[in-house]
Amino acid sequence: MSELKSGSNLEKVLKAGHFAFTGECGPPKGANVEHLVGKFKHLKGNVDAVNMTDNQTAVVRMSSLAASHIMIHEGLEPNFQMVCRDRNRLAITADILGAHALGIRNMLCLSGDHQSFGNHPQAKNVHDIDSMQLINLVTTMRDKEEFINGEKIDVAPKLFVGAACNPFADPFEYRVYRLANKIAAGADFIQTQCIYNMEKFRTFMKQVVDMGLHEKCYILAGVTPMKNARMANFMSKFVPGMDVPDSLIDRLKGAEKGKQAEEGIKFALEQIEEFKEMEGIAGVHLMAIEWEHMVPEIAERAGVLPRPVV
Amino acid sequence: MIVADRKSLEEIQEMIKPHRKLLIVGCKGCVTVCNVGGSKEVEILASALTIARKKENNEIEIDTTTIERQCDNEYVSQLKETVGNYDAVLSMACGVGPQFLSEYYREQKFYPAVNTTFFGGAVSHGIWEERCAGCGTCIIHDFDGICPIARCAKSLLHGPCGGSSNGLCEISKETICIWDAIVAKKIEQGRLEDLLKVRPAKDWRTARDGGPRRSIREELTR
Ligand code: SF4
Ligand code: SF4
């Protein structure tokens with residue numbers, strides 16, 4: 001990890017050895033730029049980069065590429081998310097070139113939730129390539145300055161390339177190998193799925209460290225504060241691959257009336273404290289879904305402010 | 001084999017509404033094996049339609065026949081004498097059947113009575129499952145005989161995705177995560193390292209993406 005691959009703020013923060021803190025933002029379900037820009041003010045200065053989701057949960061929204069560009073215009077750094085569900089290799093490649101041209105320097109490679117979850121379940125899914133091959137495609141474009149067909153690129157896009165990892169999906173024993181595979185494919189950084197089962201995550205990270213994967217890639221731990229016990233219950237029951245222990249649900253339920261959100265934040269803060277010390281963890285990815293206005297307070301209380309200037 | 005499901009009686013009734021004299025043609029191939037379009041099903045459909053039309057006071061005359069295979073002109077041609085005697089013909093073969101029939105008998109009107117669904121087989125009595133998507137370049141030996149193209153909801157070549165939970169696919173509790181099965185089999189056989197490589201992007205030219213396909217066996221064309 002010697003010279004800079006993209007020169008993004010996120011890359012520089014990580015490379016300088018700071019504990020990274022990234023945020024997340026969903027584009028509007030419409031062309032409402034004001035609404036989008038409104039969310040930015042909660043994130044600006046409080047995180048190193050902001051993930052711009054791509055038709056998340058297969059619900060159609062403003063394109064992540066356009067929304068990422070608006071974000072740059074507003075002075076924040078996007079982490080442009082791209083799913084393989086909606087584009088074939090031509091569209092993917094074209095969007096990567098476009099992303100670089102628009103000043104985007106981070107990209108997160110994902111397979112994408114199945115369209116049956118979303119608001120266009122009738123859609124044809126693409127999956128020409130999968131997330132592993134997407135990592136390979138974008139790093140090949142960057143490092144070899146070639147398209148995956150071997151043709152040379154006239155001004156290659158230089159992106160800092162991320163991938164997702166869900167340690168809580170099954171089979172558990174295979175998850176660390178899949179992570180290793182993503183790193184072998186070229187991932188520079190990893191953002192994990194929301195973590196709630198800390199015990200399982202510790203076990204997972206031990207495997208990661210034993211395999212030395214944390215030395216080849218920056219791993220950011222995913223944190224989503226629970227707003228209340230109902231949200232915890234819903235995630236536990238209905239979101240595939242999400243592991244919410246009963247003890248957390250009970251803890252939220254046990255909070256005083258009107259204090260469940262605070263309890264959820266407290267749990268998130270405890271997690272962040274632990275991640276700061278956890279071997280192999282290079283930062284936290286805070287996904288305050290539709291709760292962006294809480295980011296300044298969480299960042300403040302987590303003691304991650306001010307963000308480093310690199 | 002090719003698996004199909006019969007269209008609903010209502011849909012078929014609607015299709016054949018204008019016709020008063022109908023031939024229903026079954027097929028002794030795949031659709032007989034998956035109990036959807038063989039001689040038995042042909043008779044059942046014929047009587048159901050006859051009864052339904054009688055109720056509407058709009059009687060219909062229906063004849064039935066079942067040929068060896070509707071995807072073969074040698075058998076399709078056997079309908080030569082009779083096919084012209086009807087207002088229309090309802091085929092109970094997979095999607096190939098009514099097309100071969102239409103190509104052979106250009107003057108006649110053909111309707112599909114079934115929805116052709118997939119290539120698969122019966123996993124237990126009355127239950128069929130998809131196994132192949134006809135991608136044109138078989139790679140199942142790399143996955144110990146399991147096809148992720150046809151059987152993973154996202155056709156992933158590097159699974160399982162983050163939605164795999166308790167052996168089930170994220171799309172429904174009725175669908176197994178085939179990648180869970182692939183990994184389990186690799187572990188069982190001590191060959192996990194097979195999966196620890198990045199496969200190049202698949203060449204889809206041999207699949208439907210490359211356009212309609214054709215197989216030519218020179219020795220047979222001579
Ligand atoms: S790899 Fe292709 S040809 Fe082989 S079973 Fe799967 S879809 Fe069919
Ligand atoms: S859960 Fe398994 S079968 Fe379903 S899309 Fe993911 S990897 Fe494929």
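Hi everyone. Before we look around, please keep in mind that this is a predicted model, where local features need pLDDT of at least 70, side-chain atom pairs count only at pLDDT 80 or more, and totals for chains, interfaces and linings use all residues. Residues are numbered from 1 along each chain as its sequence is written, chains are lettered from A and ligands numbered from 1 in the order in which they are written, and side-chain values use heavy atoms, with hydrogens and water left out.

Let's start in chain B. Around ligand 1 we find Arg131(B), Cys132(B), Ala133(B), Gly134(B), Cys135(B), Cys138(B), Ile139(B), Ile140(B) and Cys147(B); "around" means having a heavy atom within 4 Å. By class, that shell has seven nonpolar residues, one polar and one charged. Here Ala, Val, Leu, Ile, Met, Phe, Trp, Tyr, Cys and Pro count as nonpolar, Asp, Glu, Lys and Arg as charged, and the others, Gly among them, as polar.

How do H4(A) and H5(A) pack? Helix H4 (residues 89-101) and helix H5 (residues 131-143) of chain A meet at about 45 degrees, with axes 11 Å apart; axes are lines fitted to C-alpha atoms over the stretch in contact, and angles run from 0 to 180 degrees between N-to-C directions. That makes H4(A) oblique to H5(A), a word for angles that are not under 35 degrees (roughly parallel), over 145 (roughly antiparallel) or 65 to 115 (roughly perpendicular).

In the second pair, H2 (residues 33-43) and H3 (residues 64-73) of chain A pack at about 55 degrees, axes 10 Å apart. H2(A) and H3(A) are therefore oblique to each other.

Finally, the backbone. The bond from Asp170(A) to Pro171(A) is cis, with omega near -15 degrees, and Pro171(A) lies in the loop between strand E5 (160-165) and helix H6 (172-185) of chain A. Leu305(A) to Pro306(A) is cis too, with omega near -5 degrees. Thr57(A), although not a glycine, has a positive phi of about 50 degrees. Thanks, everyone!

Methods:
Helices (H or I, at least four residues) and strands (E, at least two) are DSSP runs, numbered from the N terminus.
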